[in-house]
Amino acid sequence: MASFVVSYHPFFSPTPRLYSPSPSPSIPSVTQCKGWGRGVLMLPLKCLPKQTPDSDTASSSSSSPSISAYSWCAGLGGLGFLETTYLTYLKLTNSDAFCPIGGGTCSDVLNSDYAAVFGVPLPLIGMAAYGLVTILGLQLAGKNVPFGIGETNGRLLLLGTTTSMSAASAYFLYILSTQFPGASCSYCLVSALLSFSLFFTSLKDFQLKDIQKTVVLQLCIASLVVATLSTSYNTLPVSTSLAEIDLQPFTVEITTQSSPLALSLAKHLRSIGAKMYGAFWCSHCVEQKQMFGREAAKLLDYVECFPNGYRKGIKMDKACSAARIEGFPTWVINGEVLSGEQEFSELARASGFDFDSSSQT
């Protein structure tokens, strides 16, 4: 706080003159000095720092809601990136996901044919989308948009990305409810929540008149995403020929009696680690077991590729997928793959079994 003396003289110009007061322990606010008609007025004045355009800009930008929206986009995008990175790792390593809610149905959804778009794992696509949103959010928050696209174009790119993500999430929720009735997928629901949150957060930064200008672009993006996903899923074999099939697992009794040759061959195949991959609904698998007979069939190392039944969208068991099984039955003997029903002589050849001596005995 600084004090100044404003002095007026009756015989001179009325323009005020400023005097710095002498230090005094106590100076009254208004002092009337006697004599010659001079009035002295003491006014308390506050010295303020000089305002610069930069400081005004920084102050207004720090309180701007757009930075807060961009920061939220970066944070939510980071969470989605972590989730999809984890799911991508599981997909590429053919591992089962930990599903806190939903149990086995969660894995069925994540391992179904709907977990890929034109052969590209869906988590990998999501990881790229969330990563782009995170980068754009961070760059826009720091007013440092990459590639020189400008803040306006950066905002539009962010809105277009979140629009496509929310449209895809809505379509996936439709698939989940129609193709997997009763199933629960916690990762799917979390991803949908993040996508919708990102969309509304990025939309919040636009004024109403700006939203009206971009609504056509948003509808075009959403329509393109839905059309792409529909085209991809319409090419699935299960979606066309086996759309309404819902088979519960069952067993077929083997009625034939095993011969000594069949028993010896079955024991030999098991001892060398040979595996027979099949499905409970496969008639050729049943015929192969009938060829071995009831006793020998129990000795075979048989892998059921659909232990939980078969319905639309459900993939084979992990062991069958890892072995790249394409039909049933399939034998894998010493690294050699034999497709279809096999005669004893062919199984003996592939396994190194002495078929001739065994058949003579």
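This is a predicted model: local features need pLDDT of at least 70, side-chain atom pairs count only at pLDDT 80 or more; totals for chains, interfaces and linings use all residues.
I looked up N334 and found it exposed, with a relative accessible area of 55%. I located N334 in the loop between strand 11 and strand 12. I then read its backbone: phi is near 50°, a positive value in a residue other than glycine.

**The hairpin**

I turned next to the strands on either side. Strand 11 covers residues 330-333 and strand 12 covers residues 336-339; the two run antiparallel and are joined by four bridges. I noted two residues between the strands of this hairpin.

Which peptide bond is cis? I found it between F328 and P329, with omega at about -10°. I placed P329 in the loop that runs between helix 12 (318-322) and strand 11.

R324 also lies in the loop between helix 12 and strand 11. Is R324 buried or exposed? I count R324 as exposed because its relative accessibility is 71%, against a cut-off of over 50%.

**Helix 13**

I listed the buried residues of helix 13 (residues 344-351): F344, L347, A348, A350 and S351. They span an arc of only 165° around the axis, and therefore lie on the same side of helix 13. I set beside this the general rule that an α-helix has 3.6 residues a turn, so residues three or four places apart point the same way. Just after helix 13, I found G352 with a positive phi of about 80°.

**Annotated spans**

I consulted UniProt, where an unreviewed entry lists residues 114-136, 156-174, 180-203 and 215-233 under "transmembrane region". I checked two of these spans against the model. Residues 215-233 are 100% helix and 0% strand, and their end C-alpha atoms lie 27 Å apart. For residues 114-136 I read 65% helix and 17% strand, with the end C-alpha atoms 29 Å apart.

**Whole chain**

The chain holds 14 helices and twelve strands. Of its 361 residues, 37% count as buried. I noted an accessible surface of about 21,000 Å², of which 62% belongs to carbon and sulfur atoms. Among contacts with a separation of 6 or more, 73% come from residues 24 or more positions apart.

Definitions and conventions. Residues are numbered from 1 along each chain as its sequence is written. Side-chain values use heavy atoms; hydrogens and water are left out. UniProt positions are given in the numbering used here, feature names are shortened, and annotations may be inferred rather than shown by experiment. Buried means under 20% relative accessible area, exposed over 50%, partly exposed in between (1.4 Å probe, protein chains only). The arc is that of the directions from the helix axis to the C-beta atoms. Two strands pair if DSSP finds at least two bridges between them. Contact means heavy atoms within 4.5 Å. Accessible areas come from the Shrake-Rupley method with a 1.4 Å probe; for residues, only the protein chains shown count as cover.
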